[in-house]
Amino acid sequence: MLGEPPRPVRVGVLGAGTVGAALLRLMARHPHLEATAALVRDPDRPRDLGPRPVRVTTDPDVVLDGADVVVELLGGVDRPTELMAAAAARGARLVTANKAALAERWDVWGPWVRAGRVGLEAAVMAGTPVVGPLAGALRGSRLRSLEALLNGTCGYLIGRLEAGVAFDDAVAEAQRLGYAEADPALDVDGIDAAHKLTVIARLCADPDLAWSDVRPTVRGVRGLTPDAVRAEVAAGRRVRLVAALEPDGAGGWRTSVEPRSVPADHPLALLGDGRGALVYRGDAVGEVWIAGPGAGAEATASAVLGDVLDAAAGRPGPTPIAERVWSATTPS
Ligand code: NAP
Ligand code: HSE
């Protein structure tokens with residue numbers, strides 16, 4: 001006698017904006033994934049949620065009830081954390097692209113991440129795998145230093161400034177392309193890059209790194225002009241918003257996010273044209289470069305869906321490094 005067919009995995013989606021809508025479109029390729037509903041603020045707003053009907057609601061309980069996996073794509077810090085706490089209390093696996101909540105509410109998210117309950121690949125560099133390598137293969141080395149381009153909006157913006165486009169016009173373009181945060185000041189002031197740096201530093205250097213220690217080390221790209229970035233190009237250099245994790249000279253780690261002028265043959269100059277990029281330097285592995293799309297609807301939804309598929313298959317999420325890694329006193 002044939003057994004019952006396996007029941008679909010029920011996925012609750014909090015947010016159906018740029019990334020949430022793209023996720024629902026991609027999920028339609030996977031018949032064993034079924035959306036419970038999608039939470040929004042404005043249910044009357046037209047949206048392309050793909051070929052399968054999806055219930056759109058302003059009631060979180062409709063999304064959370066019966067969900068095996070809950071995906072948070074709202075943005076913000078406290079409201080998404082509250083809703084994910086409700087999902088966790090109901091026993092759901094959690095997936096998020098929300099680096100702000102991960103960075104700033106580690107008191108709540110940390111225990112879930114340590115328990116392997118959270119998929120968070122999309123929170124850093126969108127669809128380009130960074131979280132997985134830092135929580136996996138790269139753990140075989142001791143970190144020496146890390147430099148990265150973690151904000152897609154700023155990468156795009158600097159490219160447009162090089163092309164002579166005015167700052168505010170370039171920000172508006174990044175918003176239209178779906179790269180920017182709901183509040184683009186988070187991008188241009190370096191906060192979004194700092195959120196992501198905090199998340200990855202906890203994976204590979206210090207599991208207890210506090211947001212309050214990272215926040216004061218942040219400077220964004222506000223005030224950059226086409227003339228300033230073109231002068232760097234003319235001098236054989238490129239401007240990049242660099243997020244760095246470096247030895248502090250006393251065995252610990254120093255974080256920073258700031259615009260830097262790097263030589264044209266630096267990996268972040270070569271890799272960074274409109275892409276996210278990360279250069280990891282480890283004692284055994286040497287220098288590893290990772291680059292790819294760092295923002296955008298489909299690119300981000302791709303990583304979110306990867307995490308949903310992992311959760312649906314019962315595979316654990318990434319965990320922070322177990323203990324703080326003491327840095328070499330000088331960078332190699
Ligand atoms: P978005 O376009 O602003 O979408 C947010 C969605 O959440 C919208 O559907 C919105 O409803 C809904 N929402 C927000 N607050 C809500 C509330 N309090 N109650 C009910 N619904 C609410 O944002 P997004 O670009 O998709 O980004 C979502 C998350 O992914 C953010 O954490 C962002 O940092 C992260 N992320 C984005 C990208 C990217 O390239 N865009 C890449 C990586 C990570 P309405 O549609 O009705 O307004
Ligand atoms: N606003 C973010 C960025 C989205 O520009 O990088 C991707 O996290």
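A residue is called buried when its relative accessible area is under 20%, exposed when that area is over 50%, and partly exposed in between, computed with a 1.4 Å probe on protein chains only. By this rule W112, with a relative accessible area of 12%, is buried.

The structure is a predicted model, in which local features need pLDDT of at least 70 and side-chain atom pairs count only at pLDDT 80 or more, while totals for chains, interfaces and linings use all residues. Residues are numbered from 1 along each chain as its sequence is written, and side-chain values use heavy atoms, with hydrogens and water left out.

**Domains**

The assignment for the protein chain, with bounds from an automatic or database domain assignment, gives domain 1 (9–127 + 297–312) and domain 2 (131–292). Their C-alpha centres lie 25 Å apart. In terms of contact (heavy atoms within 4.5 Å), 13 residues of domain 1 meet 21 residues of domain 2. Buried area is the accessible area (1.4 Å probe) that two parts lose on being put together, summed over both. Between domain 1 and domain 2 it amounts to about 1400 Å², 66% of it on carbon and sulfur atoms. On the domain 1 side, K99, V124 and M125 lose the most area to domain 2, together 42% of what that side buries.

**Nonpolar cores**

A nonpolar core is a set of buried Ala, Val, Leu, Ile, Met, Phe, Trp, Tyr and Cys residues joined through side-chain atoms within 4.5 Å. The largest one has 71 residues, and those with the most contacts inside it include L134, L146, I200 and V221. Helix 10 (residues 191–204) gives this core its largest share, 9 residues. Because domain 1 and domain 2 both give residues to this core, it lies between them. A second, separate core has 29 residues, among them A38, V54, L73 and V95. Leaving aside residues up to four places away in sequence, V221 touches C154, L157, I158, F167, V188 and L241.

**Enclosed helices**

Helices (H or I, at least four residues) and strands (E, at least two) are DSSP runs, numbered from the N terminus. In helix 1 (residues 18–27), 8 of the 10 residues are buried, so the helix is largely enclosed by the rest of the structure. Its buried residues include V19, G20, L23 and M27. Among the elements covering them are strand 1 (9–14), strand 2 (33–39) and helix 14 (297–312). Helix 7 is mostly covered as well, with 8 of its 11 residues buried. These include C154, Y156, L157 and I158. Their cover includes helix 8, helix 9, helix 12 (226–234) and strand 8 (237–247).

**Aromatic pairs**

Rings of Phe, Tyr and Trp (its six-membered ring) pair if their centres lie within 6.5 Å; planes under 30 degrees apart count as stacked, over 60 as edge-to-face and the rest as tilted. The count comes to 2 aromatic pairs.

| Pair | Geometry | Centre to centre | Angle between planes |
|---|---|---|---|
| W109 and W112 | edge-to-face | 5.2 Å | 75 degrees |
| Y156 and Y179 | edge-to-face | 5.7 Å | 75 degrees |

W109 and W112 are 3 residues apart in helix 5 (residues 106–114), and so are separated by about one helical turn. W109 is buried, at 0% relative accessibility. Y156 lies in helix 7 (residues 152–162) and Y179 in the loop between helix 8 (167–176) and helix 9 (185–188), so the pair ties together parts that are 23 residues apart in sequence. Y179 is partly exposed, with a relative accessible area of 27%.

Definitions and conventions. Chains lettered and ligands numbered in written order.
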